[in-house]
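Visitor: I am new to this structure and would like a close look at one part of it. Please take the charged side chains and how they pair.

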Amino acid sequence: MDEVQATDMARYRRTAAWGSFVPMVVFGVGAALQSELFQVASGLAAYGEIYDVPLWARLVANLTAATLIGAAVWLVPISPSRRLWWLAAVTSAAVVGVLVRGALQVALGVYQSSRMDLVWLDVVVGLFCGLFSLAVGVVLADAFRRARLQERSTSRQALRASAALDALQAEELRVRREVAEGLHGTVQHRLVLVGAGLRGIFDELSVGDAVEEQHVGRLVELERDIDDLREHGVREIGQLLYPAGVGLGVSQAVRMMLQRIPSSIRVQAHIDESVVEYDDPAFARVPQTLRLLVVRLLEEAVSNALRHGNAGQIAVALGMDEQQVLSIIVDDDGVGVPENPEFSGLAGLRERLDSVGGALELTTGPLGGARLSATIPLGQR
Amino acid sequence: MVTRRELPIPAAPVARRLTRQATRPVWGHHPHRAPRALRHTCGVTASPSSKTRIAVVEDQPLYREMIAATLGQRPEIEVVVTADGARQGRELITAGSADVAVLDVDLADGNGLALGIQLRRADPAIGILLLSAQDVMGVLLDLPADVRRGWSYLSKSSALSTDSLVAAIQATAAGGTVLDPELLHRARPREGSAVSQLSQRQYEVLQSVAQGDSNAVVAGRLGIAVRSVEAHLGMIYAALNIPEGQNARVTAVLRLLEETARG
């Protein structure tokens with residue numbers, strides 16, 4: 001039995017104990033008072049028809065029985081697999097409690113010596129009350145426990161779902177990284193070889209005489225195409241799949257992204273010391289999926305600024321507050337927030353941000369253009 | 001085309017070694033006092049005959065062996081450790097065992113940047129030279145504050161000569177920062193930045209300095225007098241608003257990295 005189950009069972013016993021004790025006390029006090037009132041009201045006691053019993057004696061006997069039953073329910077150990085055994089044990093305890101009550105009443109002189117047959121009647125009524133109280137306690141405890149289990153399974157399910165999402169994203173990133181590595185390595189290498197082969201043919205051709213001018217020209221063009229494909233195409237696709245720096249740290253990933261913005265655009269970047277310190281590459285506290293999200297966010301903001309906003313200046317600020325919420329602010333000097341902002345790219349990002357507890361906002365910025373500000377909580381993950 | 005370069009003359013790197021040593025715990029809470037006190041002793045200890053001890057961490061066996069073999073043949077270099085990954089690197093490169101760690105950034109079991117930071121924290125005197133196939137030279141800009149100086153970067157896809165690799169290792173050992181020549185060549189000054197305001201000549205001087213060249217080498221490369229190089233450097237510091245001092249050279253190199261873009 002693990003710890004959670006142990007506390008669960010302790011709680012179950014406590015609920016069942018109080019659930020049995022309270023009705024039993026109500027019965028006991030009620031019955032004692034009723035006998036007392038009945039004697040006074042009927043006035044029969046004065047005629048000696050009914051034996052005059054002091055109230056305290058009945059109370060003591062009844063409360064003792066209630067306490068015995070409650071204590072038994074509280075103290076008898078229970079495990080889910082041996083529930084029937086437990087029920088039998090507490091039922092016997094209840095019976096014992098009721099018999100003890102009868103014995104106490106006899107000892108305290110509740111019954112007239114001429115009417116000892118009443119003892120058995122009282123025991124039967126007591127048994128009914130005791131078992132009823134016990135049933136109330138058990139039913140109550142069962143209901144509470146079911147509610148607790150339900151709640152726990154719901155939260156466990158939510159946890160499982162988010163863990164599955166995390167695993168899925170991590171796996172996606174791993175595949176991206178592998179494909180990017182393949183592109184950088186194998187594909188680029190093969191293209192180098194193809195280029196070298198072409199160059200070889202070209203060299204041989206230029207030595208020979210009867211070569212069509214246009215063929216040489218096409219070969220040269222082809223070789224240049226392959227070089228371009230290798231230098232730019234393959235590298236850019238690799239970059240798209242798995243941006244450089246994502247495996248190192250948030251600041252590094254952001255810096256790599258910023259350095260790729262063409263030099264004709266003014267870029268002011270401020271990566272706060274707190275961010276560098278938090279995602280220190282030696283500790284790598286920020287998951288790669290979040291780093292990738294930050295890069296995507298910046299890419300979206302920058303390309304929106306350049307494509308739709310005609311911006312010539314971009315200011316990027318990365319900061320973090322004491323609650324370890326990362327803030328990303330991108331300002332541009334473009335045409336500003338359009339009347340009908342194109343949220344196609346941002347919609348997907350907003351969704352991703354939502355799923356990690358972040359937020360995104362598009363407003364007018366101090367540079368005259370748009371300001372995109374986003375937050376991503378990094379702590380307590 | 002790779003031009004063969006002379007080995008850096010210790011004059012400038014020694015000044016930078018002082019910079020880095022100033023952060024060593026030897027001087028406790030008064031690091032700014034240290035350089036003056038040590039100016040003489042340093043000149044003596046930096047004997048050109050002493051070998052630079054290097055550790056190589058590279059996960060591709062062929063590349064690792066090639067680096068180790070090529071560098072091992074050089075009289076000025078001693079390869080003291082070779083490791084196949086981050087974990088082995090952490091185990092084998094103990095504090096004081098190497099002057100420079102040559103680290104591949106993309107390791108199978110981690111990355112060279114994290115390893116370099118860990119090594120530097122364990123040994124504040126070790127220089128770190130990063131190698132990478134992918135262009136991640138910008139990592140030098142956002143290093144944690146406690147390990148910021150004495151990092152260099154070379155690209156694996158650049159056509160590097162052994163001479164330039166040795167030169168970069170020695171400059172790094174001396175606390176300097178060396179950037180990859182080919183990547184520097186591809187870089188363009190960013191619009192509106194202070195670096196874009198430099199004159200053509202000043203830009204060339206800074207580019208050469210960023211490759212780890214001493215003033216004499218810069219002078220030889222550009223065909224100007226060493227004095228002119230010094231004058232240019234003074235103007236560069238002024239233009240970039242860098243206070244002159246031991247850190248100025250490295251700071252200027254990092255500004256060049258920060259304020260340029262590589263397509």
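Guide: In this predicted model, Asp8(A), Arg148(A) and Arg152(A) are linked in a network of salt bridges. Over all chains, the count of salt bridges comes to 27. Three more pairs can be followed one by one.

One pair crosses between chains, running from Glu258(B) in helix 11 of chain B to Arg255(A) in helix 6 of chain A, residues 250–259. The side chains of Glu258(B) and Arg255(A) meet in a salt bridge at 3.9 Å, N to O, and the cut-off for such a bridge is within 4 Å. Glu258(B) has a relative accessible area of 33% and is therefore partly exposed. Arg255(A) counts as buried because its relative accessibility is 8%, where buried means under 20%.

A second pair stays inside one helix. Glu299(A) and Arg296(A) both belong to helix 8 of chain A, residues 288–307, and sit three residues apart, about one turn of the helix. Their side chains form a salt bridge of 3.0 Å, N to O. Glu299(A), at 22% relative accessibility, counts as partly exposed. Arg296(A) is also partly exposed, with a relative accessible area of 21%.

Asp99(B) forms a salt bridge with Arg53(B), and the closest N and O atoms are 2.8 Å apart. This pair links distant parts of the chain, 46 residues apart: Asp99(B) is in the loop between helix 4 (86–92) and strand 3 (100–104), while Arg53(B) is in strand 1 (residues 52–57). Asp99(B) counts as partly exposed at 23% relative accessibility, and Arg53(B) counts as partly exposed at 27%.

Glu221(A), Asp225(A), Asp228(A) and Glu236(A) form a negative surface patch, and patches are made of residues with no salt bridge and over 30% relative accessible area.

Ser164(B) lies in helix 6 of chain B, residues 162–173. A polar atom of the Ser164(B) side chain is 2.8 Å from the backbone oxygen of Ser161(B). With a relative accessibility of 8%, Ser164(B) counts as buried.

Notes: Residues numbered from 1 in each chain as written. Chains lettered and ligands numbered in written order. Predicted model: local features only at pLDDT ≥ 70, side-chain atom pairs only at ≥ 80, totals over all residues. Heavy atoms only, no water. Patch = residues over 30% accessible without salt bridge, like charges linked within 9 Å, V, L, I, M, F, W, Y side chains within 5 Å. Areas by Shrake-Rupley, 256 points an atom, 1.4 Å probe, with all protein chains shown as cover. Lys, Arg positive; Asp, Glu negative; His and termini not counted. Charge placed at Lys NZ, Arg CZ, Asp CG, Glu CD. Helix = DSSP H or I, 4+ residues; strand = E, 2+ residues; numbered from the N terminus. Buried < 20%, exposed > 50% of the residue type's maximum accessible area, 1.4 Å probe, protein only. Polar contact = N/O pair within 3.5 Å; in protein donor to acceptor, adjacent residues only side chain to side chain.
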